[in-house]
Amino acid sequence: MTSGSFAGMAASSPATGSVTAIPRAAVRSQGSTAQLPQDHPLLTGLTADSALLNQYRGGRNSAGEITRPHRRPVWFMRQAGRSLPEYRALREGTTMLDSCLDPALASEITLQPVRRHDVDAAIFFSDIVIPLRLAGIDVEIQPGVGPVLGSPVRTRADVEALPTLDDAAFAPITEAVKRTVAELGSTPLVGFAGAPFTLAAYMVEGRPSRDHLGPRTMMHADPETWHALASWAAEVSGRFMRAQLMAGASAAQLFDSWAGSLSREDYARHVLRHSAEAFTHVKDLGGTTPEGHRVTAPLIHFGTGTGEILDLLRAAGADVVGVDYRLNLAEATRRVGAETPLQGNIDPALLPADWPTLEKHVREIIAAGSGAAGHVLNLGHGVPPETDPEVLTRVVSLIHEIGYED
């Protein structure tokens with residue numbers, strides 16, 4: 001894809017420097033109405049009318065009718081992780097990426113928090129750099145550091161040498177998802193992938209970075225190379241999400257961990273087109289339920305520090321916008337429109353607080369999100385490793401107890 005392929009994605013005003021996003025409907029039109037397998041949980045009726053999907057659809061059931069779910073849906077980013085003693089025991093002696101690519105292990109880790117907390121969704125246990133590993137790129141997760149590449153990608157020659165990801169490489173992902181949904185029953189599985197900017201940022205820097213100067217410099221100093229790299233990242237991320245959805249996930253989330261390091265204009269000019277490209281691989285994936293209702297898998301877009309570009313996250317092709325802990329949900333609704341379902345945004349820093357303080361905070365989050373068409377409770381970032389899992393279980397119970405008329 002050339003740097004001009006998405007020429008209509010954003011327009012900049014020379015006088016103000018402001019950026020106007022392409023209308024969301026125009027992004028959606030680039031997708032296809034691809035068919036999920038007929039035995040998919042969405043199409044068999046197992047998950048189509050779950051509380052989670054009701055809120056992801058803006059408070060509508062699979063028939064498109066406005067309804068209230070039987071309880072408020074909640075799940076947590078990084079709910080399958082180091083906060084759980086059973087996770088630590090299971091992972092002992094196995095590297096992060098190896099555990100992600102062991103279907104039995106990845107499935108069991110995905111299921112652990114659902115059993116323990118009674119959350120309303122499982123989030124597939126994997127890592128955003130798994131598509132790199134599947135493509136044959138030398139990458140490892142170093143404890144205490146994060147993803148580290150054997151060779152950073154910094155020149156046009158480096159980008160042109162990137163391998164093509166074969167469909168057969170997704171076999172362990174497909175098997176893990178199928179194992180998981182067979183155990184989940186009516187609880188939806190949420191698939192995920194890293195957004196192109198975050199994935200490309202790791203590739204340019206070669207390791208985690210505080211300010212992401214490498215990719216930010218490249219997009220201005222060598223835009224052709226940047227767009228070629230980001231397009232490669234968009235393809236592998238989109239196909240990674242698609243593999244999970246086709247295997248049984250009922251929704252998918254694109255994580256842009258580092259998009260908050262960008263200015264609004266840089267995101268619109270150099271990143272938005274690639275996030276949209278990733279979403280085109282999964283837009284409108286769906287089918288028909290036994291009752292004859294057309295349903296599609298909802299798509300969520302989340303980034304940290306992205307309060308100033310929430311509307312652009314939605315414009316990339318998302319149905320739902322995830323909000324981190326920095327922005328009040330009422331303000332988020334004002335920025336993206338009341339018709340946009342939201343996800344978030346309990347502050348992880350309050351999880352160790354005394355219960356009255358945490359309960360008050362959760363109730364405030366629910367009240368702030370009440371103006372959106374739909375609201376799925378989540379953290380405003382991932383579960384910290386030191387979190388007491390009993391606290392998470394208690395938070396889930398509290399959320400389920402709070403009725404929509406309270």
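# Reading side-chain contacts in a predicted model

Tutor: There are six aromatic pairs in the structure. The model is predicted, so local features need pLDDT of at least 70 and side-chain atom pairs count only at pLDDT 80 or more, while totals for chains, interfaces and linings use all residues. Residues are numbered from 1 along each chain as its sequence is written, and side-chain values use heavy atoms, with hydrogens and water left out.

Student: What is an aromatic pair?

Tutor: Rings of Phe, Tyr and Trp (its six-membered ring) pair if their centres lie within 6.5 Å; planes under 30 degrees apart are stacked, over 60 edge-to-face, and the rest tilted. Take Y87 and F125: their ring centres are 5.8 Å apart and their planes stand at 70°, so this pair is edge-to-face. The pair links distant parts of the chain, with Y87 in helix α4 and F125 in the loop between β3 (122-123) and α7 (130-134), 38 residues apart. Helices (H or I, at least four residues) and strands (E, at least two) are DSSP runs, numbered from the N terminus.

Student: Is Y87 buried or exposed?

Tutor: Buried means under 20% relative accessible area, exposed means over 50%, and partly exposed lies in between (1.4 Å probe, protein chains only). Y87 has 5% relative accessibility and counts as buried. F125 is also buried, with a relative accessible area of 5%.

Student: Which arrangement do F192 and F240 have?

Tutor: F192 and F240 form an edge-to-face pair, 6.4 Å from centre to centre and with 75° between the planes. This pair, too, links distant parts of the chain: F192 is in strand β6 (residues 189-194) and F240 in helix α12 (residues 223-247), 48 residues apart. F192 is buried at 6% relative accessibility, and F240 is buried at 0%.

Student: Which residues form one aromatic cluster?

Tutor: F192, F240, F255 and F302 do.

Student: How many salt bridges does a search of the whole structure find?

Tutor: A salt bridge is a side-chain nitrogen of Lys or Arg within 4 Å of a carboxyl oxygen of Asp or Glu. The search finds 21 of them. One joins R116 to E86, with the closest N and O atoms 2.9 Å apart. R116 is partly exposed at 26% relative accessibility, and E86 is partly exposed at 25%.

Student: Where do R363 and E359 lie?

Tutor: Both are in helix α17 (residues 355-368), four residues apart, which means that about one helical turn separates them. R363 is partly exposed, with a relative accessible area of 41%, and E359 is partly exposed, with 23%.

Student: Which residues do salt bridges that share partners join into one network?

Tutor: The network consists of E308, E331, R334 and R335.

Student: What does it take for a charge to sit over a ring?

Tutor: NZ of Lys or CZ of Arg must be within 6 Å of the ring centre and within 35 degrees of the ring normal. R72 lies over the face of Y404, at 4.2 Å from the ring centre. The charged end of R394 sits over the ring of W355, 4.0 Å from its centre.
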